[in-house]
Structure formats: C-alpha cells, structure tokens
Amino acid sequence: MSTETAAPAVPMVNVQIDGVWLQFPKGTRVIEACGQAQKFIPRYCYHPKLSSPGNCRMCMVEMGMPKMTPDRKPVLGADGKPEIAWIPRPQISCAQDVAEGMGIRTGSPMVEEARKGVLEFLLINHPLDCPICDQAGECRLQEFSVEFGQGESRFLDEKVKKPKNVELGPRITLDAERCILCTRCIRFMKEVANDDVLGIVERGSFNSIACHPDRILDNNYSLNTVDICPVGALTSNDFRFKMRVWFLKETKTIDVNCGTGANIIIGSRENTIYRITPRENNDVNGVWLPDSHRLNFKYVADERRLTKPTVKGQPVDWRTATAIAAEILKAHTAEQLWLVASGRQTNEELFLTSRLIDALEIEKQHDILPRTGEADGLLIAADRNPNTTGAKLIGLCTSKPGSRLKKLVEGVRSGAIKTVITLGEDLTKCGLTADDLKKLDAIIALDILPNQTTPHATVLLPASAWVEKRGSMINVKGRLQRLNRAVAAPGEAHDDWEILRDLIAAVSGSNGLAVIEDVFKAMAADHSEFAGLSLSKIGDLGLPVVTEKTPEPEPAAAN
Amino acid sequence: MSENLSALSFRKSADKNLFERMVEAAEKTGTAAAPETARALGEESLFGDAITLGAVSFYDFLKKENEGKKVFVCNGSACLTAGTQDKLHDALGRSFKHEEIGHICCLGRCHQGGAFQHEGRNFSGQSDAALGELFSGGTGDSEDRYEVVSHLQPAQLTAPFPGVEKYFTPFRDLLKKDRDWLAGELKDSGLRGRGGAGFPLHFKWAGCRASEGKVKYIVCNADEGDPGAYIDKYLMEQRPHSVLLGMMVAGWFAGAEVGILYIRAEYPDSIRIVDAAIAELRAAGLLGKNILGSGFNFELKTIKGAGAYICGEETALLASIEGQRPEVRVRPPFPTVEGLYRKPTILNNVETFSNIHAVLTLGGKGYAKIGTAQSTGPKLLSLDSHFAKPGIYEVAMGTPLADVVALAGGFRTKVKAIQVGGPLGGIVPVGKIGELTVDFESFKKAGFLLGHAGVVSIPESFPMIEYIQHLFQFTADESCGKCFPCRLGSTRGAELVAKARSDSSYQIDRTLIGDLLDTMELTSLCALGGGVPLPIKNALQHFEEELRPFLSSAPEKR
C-alpha cells in the first residue's frame, strides 16, 4: 500500500486522566476526552453542538501541563512519564482542547468542592417545584445535585422572583425562575437555527432570557430549545403537564416527514404517543429535529382510523377481503391493472410490492406519488417522501418518480385500465378525479385513514402507521435506517407487509415468508445493496448503502 | 457565539461604531432601551433585535431605568467612607425630585468626596451655597484640584509636559529604528501591566506582533472603574500625550493602524481633553497616513463608555466596543490573537501605555533600574480624602507603603484600614502598612493585592460589616451575570450581610460564608467574582473582633 493514498492521520496526543495515560486525537475537547475515558463531567452550558461560553462553571477539573526543565524538556518521573505541574485553581473543561502531556483530575477534593459550591448556588434561586415540573426525571439540576452536590442548599433565604409562564412562542413557555441562564437556547437559535430571536437582557442577577418585543419564538426549530434546556425553564406547550417522563416507553426509530430520515425517540405510554424527540445521529440530523416533524403524530391516534377490512363498504374478515381482492385481480388482464405504490412504504413493503407486480405481470404499470416542497437548508429535505431512494432501488418507480402517473390517468380515462391498487396513496392526488374513480371496475386500497379515494374502494384494507411497524427505509443520502414499533395498530389493522404477503399468496400461491426478517433476507438476495445485512445489523444509527447521492426531485412549484 | 456578531460589527468598523450609536441615542432621553431605538440600531448593523436590546439593557446609562435622571450621586467606596453622600443626597433633594436623582459609581473625585455628575459635568466637595447657585442657573465650579507629588528624581509619569515637539522626539527617532530593537528594550525594561494583573508587557506586545492578520488594533482600557482610583483620570486629563504616545508606539510595533481609547462616561473631562490632544497630534502630523514619511499609518479615537464596571475586564471591553453585551469571554483565545472584531489586538491600561515614554527615553535597562527586580518602573497611587494631602503620588516600585503615607502627611482622620487596588484589592489593616512595599510581590506575599493602586481609607468610625456589604453589593450590581458563581454568590453574600446587620438575632454561619467565598474565588470566570473574596477574607481575618457579633461562633464542618 502506498502512503500517498492513506488519509492524513489526525495526530494523537498523550493525556493523563485521573492517573491513567490515554491517547486522544488532537482537537478533542477536554470534557469530551474525559467522557471517552468514562469520566463523566457534569455540565449545564456546554453542549457539543454549540459554542462554549464557559459560564456555568460546573465542568471544572484540575488541569496541568508537563513540568519543564530550563531548556524546555519535560521532567520525567520515576515511571518515565512526564511529571505534571498542576494549575492551582480548577479549570473549565469545556473550552479547551487536550494538549500533549496534559494532566487532568476529574474527582479531586478541589474539583468536588468547586462543583458542590456551584450547585448549591444554583439551588438558591431555584423554585424547587419538581413535583409539578415537566423536566423532573430528566433534569440536570436534579441529577447533578444528587450525584455531585449535597442535595440541598443551605441558603434558605428569599428566592429572586422572576416571571413564570412566559409565552415565548406558540409552542414554548418559559419559567424564568427555573432558568439558570446557561444560554443554550440563545446559542441554538443563533448558531443552528440562524434566527437571533432570543437574548439575555438586563445585568447580573436581573439577567433573564427574553425574546425581543414584537418578536416571538416561532421558528420551526424552536422545540429543540426545550430538548437542550438542562432544567425545566423551557417547556413544550404540546407536552407540558401531560405525562411524567419516567412513565414513557422510549422507542428508537426514524422520522418519515421527509427524505432526511431524522433519528428520533418516540415517548409513549399504554399505546399512546406523548412526544417525539430527536435522537443523536451525526450522519443524519445531529441532535436536532424540526417542530413540524416532531409534532406530526396526532393523526396516528385519529378516531377515524381504519380498523376493519371492508368490501364495498361492508366490514368483512381479513380472509374474505384478501380473497375478494385476489379474485378481482385475477379477473382482469395484466393490461387492465395499475398499481400506485408509495414513497412512504418501507423497503420490505416495497419489495413485496415488487413481488406482487411480478405476480400480476404489470412490469411498467406502477409508480409512486412524488411529494416535494422547499428544502429549508437545515433538516427538511425537498423530497417529502421518506423512502424515495428505496422505491427507486427496488424498482417501484423510474429515476423520475411520478413520471408514469400520466399514463395511469390516460389509461383510466380511455377505459384501458379497469382496476387500480393503491398502497397508501389518495388517487385523487395522482391526477384522477372522483368521476375517473367511478369509472373503474375496482379499486383495492390499503390505508390508515379515510381520504378522497377510500369511499370508492372496492376492497379497503386497514394498514399500520409508521409508528406501528418495523422495517427499513433509505434516506436521500442513501443511508439505510430502521423503523421500530412504538405502539400497536388499532383494531384489526394489519402490518402492511403482512397484507401484501397475504395478497401475493392469494394471487400466486404460498411464498414462505413468515416473519419480516424473511422479507429482508429475500430482498437482500435480489438487491446487492442489502447483501449481508438484516434488520438487526442495520443498528440504531443505520448505514450507508447507496454511495452515490440520489438527486432530489425538483420541487413541485412548477405545477 | 460572538464570532458572527464580531464580523457584522467589523463591517461597520470603528468609524461608525454601533456602541457609540447606542450611547448617542441615550443622550437625548436617558435610555436607548426603547424597542424602536434598539431595533433601528440593530438593523443598521444587521444585529438581531434581542442582541441590541440585550446590550442596551446592560448599561447603567442606556437602560430603561435611567430615563429622566438629572443628577447622579457617586456611590463609590471613597465617597462612602468619606461619609459625604447622605448629606449630599439631602441637599440635592431640595432641587430635584426623588426620581430625578440617579447613582453613578466613582467619578474619581475620591480626594474630596461629595461627588456627583450634573449635565455631563463632575463636581465634588460643594458647599450648600455652591449647590444652590449651581442649580439655580449658575455655572458652578467643576474644577478638579488635588496634590500631584513625585517621590522620583527625576519624575517620569508626572514630569511636566514639555510640548508636543519635544515630548514626541523619542517617537520620531523610533520610526527610524527597527522593531526588533524595540522588542529588546521592552523585554529589558521588565514593564508589567498597570491595570492590576501585572502581566509582562513585552509578551503581550510580541504576541500581537507575531499574530497573523492585516488588520490589528490597539485598545486602551481607560475604563478605570475601581472606586477610589483616579490614576488614569489624572494621566488622561493632565498628561494625555503620554498615553497617546504609548498607543502610537504599540501601533507601530504590532502593525496596527487604529487605536481606540475606551473611556468611561464618568470621566467627561478625560474624553474632552484626550480628544483635544488627538486633534493636536493630528495637526502636528503625528497621526494620519504615512506619518513623517515613515510609511506608518495610525489614527486614534475615543469611545465613551456607558456605566458598567465589567467593561474594565478586557474581553468585556472589546465586546462593548462591538456593540454586544459586555460579557466576559473565556480565554484563550487571548486578545493578542483574537481581540477587537476578532482581530489581533494589544489592550493595555492607560498607565501602562503612559510608561512607554520612559522606556524609550531611559532605554529598557535604564527603566529597569527604577523599582525592584520583578516590579520595575514608576507607579502612581491615588489617595482618598482621609489622607492629609490627598492626590496622585508617583513612587518607584518597591517604595515602602509607609513612605507614601508619610509623603501624604498621614491620615487626617482615625483610619483602621486601607483598601488598596480597588474593590478586588486587599483590605490592609493600618498596622500592616509598615510591612508592605509598593510592588506586586510584596502585596501578594502578605495576602493582599497591589492591583491598580487606588487607595480607599476605612475610618475607625466606619463599620467593617457595612464595608463588606458594600463590596458584595458592588459586585452584585456590576457582575455581568454570565458566570454562575459571581452572579449568584455576590447577591447572596450581600443578602446574608444585610440580614445580619438588620436582624440582631441572626448570625452568619462562618462555614457558610467561607464556602461561599471559596466557591466564588475558585470557580468564577473573571477577576470580579474571583477577586472580591480576597478583601472580604482579609476583613474577616484582620477584623475578627469587630465582626464577631455578626458571625456564628461555632464553626461547623459540612
């Protein structure tokens, strides 16, 4: 191997942490190096994605540099390692990078005293209203007070009174008494959201977080400030007072509102979703999530959810519904059929859809419905379908999704197409009118909620929402990621892949797929991008499978 | 976070400075915090509204509460211990409504007491009759008179000004010399910063000189906020050319073309006199483009502060000039690498720059002959009204402190302690004066701090507990609030002492106040929160008996 092709290695530096010499890449923050050495350093203002103002003074450690001889050579100790000259005062670890020969002590008596002292100060003005605070259970003030403090403040005098219940914006409420002025929210709005709407006003102990008069915190990323608020000062209007966080079941999955595939955590209890928060994935969304995405889950619990298969509006059992659907399909020639798949389907569903297409021999009579909008330059992709890449890869659409839909419209209008299968899409959004739909012999629709098409459906199959199923998707950058089930589908609704499997079986005989893992295995056999993988091997953070970036569809503005 | 703001502020450059616009805006109504004013200012600089409002709401003379104030009474340490301000307040109450009387912290009239500011002019020691005349349309007497004594032969900083032509001869000679030569002289001189920290000047200057960048700045910290200090005020008002020369030399040395003096609003005369001296130098061809054909370009300007002690901290001062909230920033990067508008900057105190003339005329080695091995050169001290002859005293570093007291004729009242070096300097019991010499090492060794060497006397009649409360309250008022220990500790300290003073059944737990001071000292971001524990600990140690009634006797270990 030639050295020319090797990537330039990041130089490593030797650092002593609590007596143990370790190596870290140059440029590592001291606080991060300590974390990597399993020495967690408490912090309030420091956030790895934001600048370090150094104001909370919680992340203090003892720091030192090698003792030098007069001719600038390190003095070596008995163990042959450099001796360290310790700085007499504790230093913050958030604002400094590791350096060669640096020594760090994370738990010395001086460090412990410093942390205890700062924590005690913080509790002076804190209202201690944990029983009614939404942050309780994930509050750094609570956690650090127990772990690093003495759990109480001896300063029991009067607390500084500040405003409570300040509506900073439509989705955010500020309790200034709980605020410890770490400025994470200000820095987030400035540095990440590029919207300087928050600032500190006044001076000293009167300092408080404020929105400029006549401005409100209504940015589409505002709820990230709630995520990063280390205490309960900023709360989400959508979530506050709804549920104690320790009751929430956390499910790691991905967002499906656009092609970014932001990694998220769904917080649910007893089959009800209470909130969605971002999950760190530095190859996808960092630690952020747009408000519009995280709040878009209420429809899952809509009382109009489809819960029972129907044929011509009459409830039937699944076996009957599937059999009737298969009969309809078999009663038509291949030329009379068309299938509308969806960029919201998982890879496994798309793969089974491609099997159904093979069984029906409708090689070119299918497409997906493209969804586009404006990319926001941050996390929202122009492609509002979460799995266009998967649909292209598995062959449900051409490189121009939606380009065949006009053939569907022409075919329906000319009478050549008699029956349409739609897998989660409203056909009236594919260019067909209600009158067009009435002309058809039959519509077989799979969906979760009623739409303009469902009243016309001959066979209507209730499916599962994205929070109710497992599977995988590939984002706009070609990263394969995993969906997980947070809640169960309502009523008799089935998992989409099972509906497709049963339909294929009814049309062309048994296919031997018993569990979703079988589907993935079969898909991997057909598509080399999935070779050697399984749903469990994808892992929580996903992996790149399509190396070339799929070009995003043009925004639909031209229409 | 300030990276982008610094860049935006730099677009407007130092000529059309956002902060100056804020100060101008406040001159009409007393405040720049009106939302429409803040927004208009922010729009000009492309700053967000909240940023601009955050900045203006910080300063005493820009914030909303300042609106409608007509006269400002000094509440600094020297006027406090002089005991003049209650009477002054009463006297002013006869001419002004209660809500028209504001406060201002130290006008540098510490040699007289009774200081206040009215219509941009400072007064002190006025009789009732003089006050009556002033407020009934008279011009009044605002002249500042105090002793200026040099113990040095010949005097350096206090030497008579010989005129621009003669005074700038060493500067003209320097323009023909080599910068490495000056680097050597500065190193030989051993000159250390006079703002309080005593950092070796040649390191700072060489650091800025070595920093990459076409644009560099020289900034003079003329925000002499220490109550009791009027050393920089003296230099600016009576020897303005000395500080300007020092800045010009720094500009030539580091390759900067702009020098800015950030002068506190409490010193209106300093601003006026320095501006006049700058104009004089420009007229003499010593400022501008291609100065004396040397190829060196340099301009100087003053910027007026707006009432915030923290602006004396260098990173806060730089943020203030940029129009941001003057909050202390973590170092590194140091200003020599990333200073004003994130460009390499030499930032020194007035007195430090004023010493450069002596380094040039005496040579580095000659300069170092004044003073001690580690603290070289002359040092000015400012003495308050409790001395028989209050004023500015120039001594060689290393001079016994007792000699300074003797030069000033001793104390005119019975004094129990002096606080040297501002509110963050040590409280020295009079019995210890004999142990100290005027240099950084002597003070440090004895557990005090030379600082900037303003001297405030605490008379025997003044309760030490009240002085401690004053120090805590001063810190609470002036803390930028950015770092938690300073913001929270100072306020709580002030509250504890206030409670102990007002409630005879309450005593402060010794362990509690000790822990509070330790936390502030160990963990604060800058010298304000980190420094105020020193004098309070001095007081607790040296005035144990006087303070005993306010403290619990049984120390318990937590």
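Analyst: Happy to. Buried area is the accessible area (1.4 Å probe) that two parts lose on being put together, summed over both. Before the numbers, a word on the model: it is predicted, so local features need pLDDT of at least 70 and side-chain atom pairs count only at pLDDT 80 or more, while totals for chains, interfaces and linings use all residues. Residues are numbered from 1 along each chain as its sequence is written, chains are lettered from A in the order in which they are written, and side-chain values use heavy atoms, with hydrogens and water left out.

Chain A is divided into domain 1 (12-117), domain 2 (133-140 + 156-301) and domain 3 (310-466 + 492-532), with bounds that come from an automatic or database domain assignment. Let's look at domains 2 and 3 of chain A, whose C-alpha centres lie 38 Å apart. Between them, about 1,400 Å² is buried, and carbon and sulfur atoms give 70% of that area. On the domain 2 side, Tyr221(A), Val256(A) and Tyr299(A) supply 37% of the area this domain buries against domain 3, more than any other three residues. In terms of contact (heavy atoms within 4.5 Å), 25 residues of domain 2 of chain A meet 13 residues of domain 3 of chain A.

Six residue pairs, both at pLDDT 80 or more, are in polar contact between domain 2 and domain 3 of chain A. A polar contact is a pair of N or O atoms within 3.5 Å; within protein, one must be able to donate a hydrogen and the other to accept it, and residues adjacent in sequence count only if both atoms are side-chain atoms.
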